[in-house]
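Have the coordinates open as you read.

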Amino acid sequence: MATKQKKHHEPLLHIAKRGHMPGWNAWLIRLVAILLGFLVVGILSSMLTGITVTESYQIMFKGVFGRLLEGKTTLLWRFLQQTAILLCLALAVTPAFRMRFWNCGAEGQALIGGLAAMVCMIELGGKVPEGALIAIIFVCSVLAGAVWGLIPALFQAQYRTNETLFTLMMNYVATQIVAYYVYIKGGGSNVINPVKFGNLPQILGEKYALNILIVAVLMIGVYVYLKYSKHGYEIAVVGESQNTARYVGIDVKKVIIRTMAISGAICGIAGMLMVAGTDHSINTNTMGGQGFTAIMISWLGQFNPFIMALMSGLVTFLQTGAAKVADSFFLNSAYADIVSGVVILFLVGCEFFIHYSVKFRHNKKEVEA
């Protein structure tokens with residue numbers, strides 16, 4: 001007796017990995033995702049405040065740039081400063097991420113770098129020439145950040161510890177060290193008054209200009225280092241496969257330790273810029289959680305420093321502008337995080353459509369097994 005052939009329904013749709021997609025096509029998808037995210041944010045603002053989408057973005061623009069069209073540049077410089085600090089932290093974690101070392105400790109490494117700057121400013125201020133003091137602050141901040149990055153690197157290279165958990169825990173240690181120092185120097189008030197010694201000099205009459213210039217130089221330096229140097233090549237090989245790296249003669253442990261020292265050092269520079277170049281003081285919230293936002297910036301920028309600069313500006317615009325909307329209409333302070341989160345969600349989600357395609361069922365609904 002003949003066996004009856006089974007039939008099954010082909011799925012309505014299935015997901016397939018894409019082949020190579022032209023770069024311009026991928027960026028077009030990302031641009032559409034950003035525009036859709038902004039549209040959703042505008043609609044959300046309109047629902048919560050009763051104003052139109054256009055008016056909500058006018059308020060955001062004014063909150064970020066102020067009266068720029070009238071020649072007022074104060075808020076513009078502040079926007080560039082915030083973007084520069086976020087970019088600096090993203091640049092710091094990028095070499096480690098390229099190596100597949102998940103450095104989640106940028107916040108703590110920057111805090112320790114800022115603490116080193118604060119100690120120099122308080123203990124050496126007025127005792128050494130100002131130029132020498134600034135040089136000492138720079139060196140100490142870089143070394144402090146590098147040491148804080150080296151600790152998890154040494155344990156991971158020698159004992160194979162989990163670098164994600166290790167670097168995260170180091171953030172809490174750094175925070176408590178800063179809290180203790182502020183408590184001692186603040187006389188129990190948890191506040192250190194702005195220190196007048198060791199402040200970075202102004203350029204063009206703007207106190208943020210030097211910060212922005214330093215980060216711009218770092219951006220170019222990190223790009224050249226990762227793309228054209230021998231160390232950058234070793235980082236890429238280790239990131240692809242540690243076994244392959246060992247096979248071609250690369251000392252994997254040395255690369256891990258060296259890269260994390262560089263990552264921590266750049267975080268130390270970010271901390272110094274916040275303490276010596278911006279606040280002239282320090283507390284546990286000096287970095288404002290930007291070390292964690294920098295992780296997302298590095299990924300969204302695909303480890304390209306120039307794209308990361310654009311992503312940093314976008315996130316800073318959203319957070320600052322949304323905060324202005326929240327203040328204007330007495331919304332919860334979490335509104336700014338919601339707004340930036342919505343746009344970032346669209347950006348992250350669009351990566352799915354860049355790497356995968358959705359194929360629908362053919363006209364023939366049933367296929368013989």
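This is a predicted model: local features need pLDDT of at least 70, side-chain atom pairs count only at pLDDT 80 or more; totals for chains, interfaces and linings use all residues.

| Helix | Residues | Length | Span, first to last C-alpha | Expected span |
|---|---|---|---|---|
| H3 | 74-98 | 25 residues | 36 Å | 36 Å |
| H4 | 106-124 | 19 residues | 27 Å | 27 Å |

So how covered are they? H3 is mostly covered, with 18 of its 25 residues buried. H4 is mostly covered too: 15 of its 19 residues count as buried.

Just after H3, Arg-100 adopts a positive phi of about 60°. Just after H4, Gly-126 has a positive phi, here about 85°.

**How H4 packs on H5**

A pair of packed helices is described by the angle between the axes and the distance between them. For H4 and H5 (residues 130-159), that angle is about 150° and the axes lie 8 Å apart. Angles over 145 degrees count as roughly antiparallel, and H4 and H5 are therefore roughly antiparallel to each other. The crossing of H4 past H5 is right-handed.

Which residues make the contact? On the H4 side, they include Gly-108, Ile-112, Ala-116, Cys-120 and Leu-124. Among the partners in H5 are Leu-133, Ile-137, Cys-140, Ala-144 and Trp-148. Sorted by class, this contact of H4 with H5 has 12 nonpolar residues, six polar ones and no charged ones. As background, an α-helix has 3.6 residues a turn, so residues three or four places apart point the same way.

Ala-106 lies in H4. Is Ala-106 buried or exposed? Its relative accessibility is 1%, so Ala-106 counts as buried. Beyond residues up to four places away in sequence, Ala-106 touches Leu-89, Val-93, Asn-171, Cys-267 and Gly-291.

Over in H5 you'll find Gln-156. Gln-156 has a relative accessible area of 7% and is buried. Which residues does Gln-156 contact, leaving aside its neighbours within four places in sequence? They are Phe-101, Thr-161, Glu-163 and Ile-256.

Notes
Residues are numbered from 1 along each chain as its sequence is written. Side-chain values use heavy atoms; hydrogens and water are left out. Helices (H or I, at least four residues) and strands (E, at least two) are DSSP runs, numbered from the N terminus. The expected span of a helix is 1.5 Å times one less than its number of residues. Buried means under 20% relative accessible area, exposed over 50%, partly exposed in between (1.4 Å probe, protein chains only). Axes are lines fitted to C-alpha atoms, for helices over the stretch in contact, and angles run from 0 to 180 degrees between N-to-C directions. Angles under 35 degrees count as roughly parallel, over 145 as roughly antiparallel, 65 to 115 as roughly perpendicular and the rest as oblique. A crossing is left-handed if the near helix is turned anticlockwise from the far one by less than a right angle, and right-handed if clockwise. Contact means heavy atoms within 4.5 Å. Ala, Val, Leu, Ile, Met, Phe, Trp, Tyr, Cys and Pro count as nonpolar, Asp, Glu, Lys and Arg as charged, and the others, Gly among them, as polar.
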